[in-house]
Amino acid sequence: MLKCNQRKIKIFTTPWHTMHFYDLFNALKKDADFYLCLNTSKRWYYETRPLPGNAYFVPYYEKGKYDLAILDIDQQCVNPNFGKSQLYKEMRDLITDIPVVVINHGSPVYPEFLKIGDEESFEYAEKKCKREIRKLVGDRFMVVNSYKAATSDEWGFGCPIWHGMNPDDWWDLPKEPRVFTALSPGGCGEYYNRECMNEVARILEEKYGQTLWWARVNVDTERSFDAYRNFLGKSLIYLDTSFRTPMNRARTEAMLSGCCVVQVEGAHDLERFAKPYENMIIVPNDPEFIAKKITDLLENHYQKCIEIGQKGKMTAKKLFNYERYRQDWLAVLNSLI
């Protein structure tokens, strides 16, 4: 419970990341009620997550009604033309009577907008992104999704909080010999290392006759939460080629579903929980190598994948659970309220 009082606190927020806030609301259900002011271009995506019982919709912000506000951003918010950027700045400037926590979901990888011409390097784009995010956040408290995201290699500031989930939400079902990914299929290609994923899919198909099942590309897992959990839970292997995205949620969902995770090396905080060939498989950023490895696993090492998936599940249940997540957030809230 929060140290400041024995009542549930009231938190105002403008969420556009349904999955993240679904877990945040549920983890803090004993401690807080959340009041959601949704941008007109966004909504709560009921088909991907049910709305938790401690979440309520409000049409606008009222001063004096809430104890704290949570606003979210990522690197795309440096683009003033995006709706989420405009929403963040409007709410940030409006809310002056209570503490504001900013959750930064991303990392400073946004060359699609910040890199102009060949004469400007990716390093330049990242430095500019860091400066712009620092301006957007100001002196407000910022939470980031990994320990690496807070280092000088990434944002250079922020309080790391790993995500936490309810293990009972995820279905460890009898596994079919297939590889699946839920990596975003469009936007921020450098951030998601999508070129590698595309090449892996091509090589798997053309050279090995295998299919990479890709959410929102060739398999419909978006029609309902159950459809996603069912397909994920039956997939033997989950592939994650990204390494600049802080602590991918979908990878943890796969671990909790008993999938054998194949992860490109260098991803955020791997050194803190990953044990190669014990609870996941770490591979180089090489599409040819990845496609060959996945094919070998699918065709020759089904039982080994099952064993790695079960070890990964144990790791995720221990580290990425609601109770740990709740305690991390209570520490932040107690320091601010």
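Modeller: Two strands pair if DSSP finds at least two bridges between them. Keep that rule in mind for this predicted model.

Colleague: What makes β4 and β5 a pair?

Modeller: Strand β4, residues 68-73, is joined to β5, residues 100-104, by 5 bridges. The rule asks for at least two, so β4 and β5 pair. The two strands run parallel. In this pairing, A69 stands opposite V100 in β5.

Colleague: Where do these strands sit in the sheet?

Modeller: The sheet is open, with 7 strands in the order β3-β2-β1-β4-β5-β6-β7 and parallel pairing.

Colleague: Why are β3 and β7 called edge strands?

Modeller: Both β3 (55-57) and β7 (159-160) pair on one side only. Helix α12, residues 322-336, lies across β7 and also β1, β4, β5 and β6. Its angle to β5 is about 145°.

Colleague: Why do the rings of F273 and F320 count as a pair, and of what kind?

Modeller: Their centres are 5.5 Å apart, and the limit is 6.5 Å, so the rings pair. Their planes stand at 85°; over 60 counts as edge-to-face, so that is the label. F273 belongs to helix α9 and F320 to the loop between α11 and α12, so the contact ties together parts 47 residues apart in sequence. Both F273 and F320 are buried.

Colleague: How do you know that the charged end of R134 sits over a ring?

Modeller: It lies 3.8 Å from the centre of the F157 ring. The cut-off is 6 Å, along with an angle within 35 degrees of the ring normal. R272 is placed likewise over Y147, at 3.9 Å from the ring centre.

Definitions and conventions
Residues are numbered from 1 along each chain as its sequence is written. This is a predicted model: local features need pLDDT of at least 70, side-chain atom pairs count only at pLDDT 80 or more; totals for chains, interfaces and linings use all residues. Side-chain values use heavy atoms; hydrogens and water are left out. Helices (H or I, at least four residues) and strands (E, at least two) are DSSP runs, numbered from the N terminus. Contact means heavy atoms within 4.5 Å. Axes are lines fitted to C-alpha atoms, for helices over the stretch in contact, and angles run from 0 to 180 degrees between N-to-C directions. Rings of Phe, Tyr and Trp (its six-membered ring) pair if their centres lie within 6.5 Å; planes under 30 degrees apart count as stacked, over 60 as edge-to-face and the rest as tilted. Buried means under 20% relative accessible area, exposed over 50%, partly exposed in between (1.4 Å probe, protein chains only).
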